[in-house]
Amino acid sequence: MSDWISFYNFKHSVIYVNARHRDVHYRTIAQDIRAYVPRHSAAVLDYGCGEASSADLLAAACGHLSMVEAAPNVRAALSARYAGNSKISVLTPEQAAAQPPGSFDLIIMHSVAQYLSAAELDRLLGIFRNLLKPDGLCIIGDIVPPRLGAPAAALALLRFGAANGFFFAALGGLMRIFLSDYLRLKKTMGLSHYDEAAMLAKLAAAGFAAKRASRNIGHNQQRMTFLARPE
Ligand SMILES: C[S@@+](CC[C@H](N)C(=O)[O-])C[C@H]1O[C@@H](n2cnc3c(N)ncnc32)[C@H](O)[C@@H]1O
């Protein structure tokens with residue numbers, strides 16, 4: 001397991017300041033992703049889905065939702081949570097990569113690329129290209145541009161908290177994140193940043209025709225979402 005996967009392997013990740021933050025976050029991104037589901041029968045893959053407490057909202061809009069999570073504890077919690085929903089499967093990254101080519105209408109990977117090396121991201125984009133139907137859509141969201149520092153992310157979180165009734169919890173949560181392993185890992189493992197041109201070049205090299213979406217999925221509009229279709 002990479003150190004970042006171990007970091008996320010906690011039952012309740014420290015990056016959510018409280019349960020309300022986690023639930024508002026996942027509801028917001030599920031609603032944003034729903035808007036990209038092309039049809040009610042669509043097969044959708046959410047790669048690096050995290051705790052995904054609103055996955056049922058996304059599943060309701062598509063034919064089947066495959067949720068992929070590398071952290072075993074998070075995956076076990078997802079399997080238990082959605083055991084009763086026949087439209088949802090929970091997969092390991094290896095199981096996802098082994099799906100037949102052209103299995104999915106929509107593949108989304110949101111807020112994961114920053115934890116991958118450039119080579120790991122290239123490898124995954126190749127897998128997504130293979131798993132996508134010829135008319136499918138691949139969405140890579142929450143790409144962190146270079147020079148977008150921690151203060152900007154903290155400010156975005158405080159604004160999100162103020163708009164959703166957890167401003168003071170967000171303040172406390174920021175302190176907890178500050179004291180957690182996050183900053184140590186950020187120093188030792190690093191986070192991957194891409195500007196718009198670099199991401200478009202990466203997606204083109206993986207066989208996609210891509211463009212930047214007019215808005216990012218989720219609350220942080222300083223980060224970027226890319227929409228990629230097989231070329
Ligand atoms: C910030 S969470 C994103 C969760 C969700 N997609 C969202 O947008 O809220 C980051 C996710 O990246 C996953 N992750 C980190 N490193 C990874 C790697 N090397 N391979 C696959 N997943 C990884 C973690 O397990 C975690 O679920």
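1. The radius of gyration is taken here over C-alpha atoms, and the globule rule is 2.2 Å times the number of residues to the power 0.38. With 231 residues, the rule gives a compact globule a radius near 17 Å, and the protein chain, at 17 Å, agrees with it. Taken along the principal axes, the box filled by the C-alpha atoms is roughly 45 × 40 × 35 Å.

2. A word on the basis of these values. The model is predicted, with local features needing pLDDT of at least 70 and side-chain atom pairs counting only at pLDDT 80 or more, whereas totals for chains, interfaces and linings use all residues. Residues are numbered from 1 along each chain as its sequence is written, and side-chain values use heavy atoms, with hydrogens and water left out.

3. On secondary structure, the protein chain has 10 helices and seven strands, where helices (H or I, at least four residues) and strands (E, at least two) are DSSP runs numbered from the N terminus. Contact means heavy atoms within 4.5 Å, and of the contacts in the protein chain with a separation of 6 or more, 69% are accounted for by residues 24 or more positions apart.

4. On burial and surface, 50% of the 231 residues of the protein chain count as buried; buried means under 20% relative accessible area, exposed over 50%, and partly exposed in between (1.4 Å probe, protein chains only). The accessible surface of the protein chain comes to about 10,700 Å², of which 57% belongs to carbon and sulfur atoms; these areas come from the Shrake-Rupley method with a 1.4 Å probe, and for residues only the protein chains shown count as cover.

5. On charge, the protein chain carries 24 positive and 17 negative side chains, and the centres of these two sets lie 5 Å apart. Lys and Arg count as positive and Asp and Glu as negative, while His and the chain ends are not counted; the place of a charge is taken as NZ of Lys, CZ of Arg, CG of Asp or CD of Glu.

6. On the cysteines, the structure holds zero disulfides, a disulfide being a pair of cysteine sulfur atoms within 2.5 Å. The sulfur of Cys-49 is too far for a bond, because the closest cysteine sulfur, in Cys-62, is 13 Å from it. Cys-138 is likewise in no disulfide, and its nearest cysteine sulfur, that of Cys-49, is 15 Å away. Cys-49 is buried at 5% relative accessible area, and Cys-138 is buried at 0%.

7. The loop between strand 1 and helix 3 deserves a look during review. Ser-54 is placed in this loop, with strand 1 spanning 43–47 and helix 3 spanning 55–59. Ser-54 counts as buried at 11% relative accessibility, and, residues up to four places away in sequence not being counted, it touches Asp-23, Tyr-26, Arg-27, Ala-30 and Tyr-82. Ala-52 lies in the loop between strand 1 and helix 3 as well, is buried with a relative accessible area of 6%, and has a positive phi of about 35 degrees although it is not a glycine.

8. Most residues other than glycine have a negative phi. Ser-111 also has a positive phi, near 60 degrees. Ser-111 lies in the loop between strand 4 (104–110) and helix 6 (118–131) and counts as partly exposed at 22% relative accessibility.

9. Ser-66 lies in strand 2, is buried at 7% relative accessibility and, leaving aside neighbours within four places in sequence, is in contact with Val-44, Leu-45, Asp-46, Ser-89, Leu-91 and Phe-104. Ala-70 is found in the loop between strand 2 (64–68) and helix 4 (72–81), where it is partly exposed with a relative accessible area of 28%. The C-alpha atoms of Ala-70 and Gly-48 are separated by 6.8 Å, although the two residues are 22 residues apart along the chain. Apart from residues up to four places away in sequence, Ala-70 touches Ile-5, Arg-75 and Pro-93.

10. Gln-95, in helix 5 (residues 93–97), is partly exposed at 40% relative accessibility, and its C-alpha atom is 8.6 Å from that of Val-68, 27 residues apart along the chain. His-25, in helix 2 (residues 19–34), is buried with a relative accessible area of 16%. His-25 touches Tyr-16 and Phe-160, residues up to four places away in sequence not being counted, and its C-alpha atom is separated by 9.8 Å from that of Asn-164, 139 residues apart along the chain.
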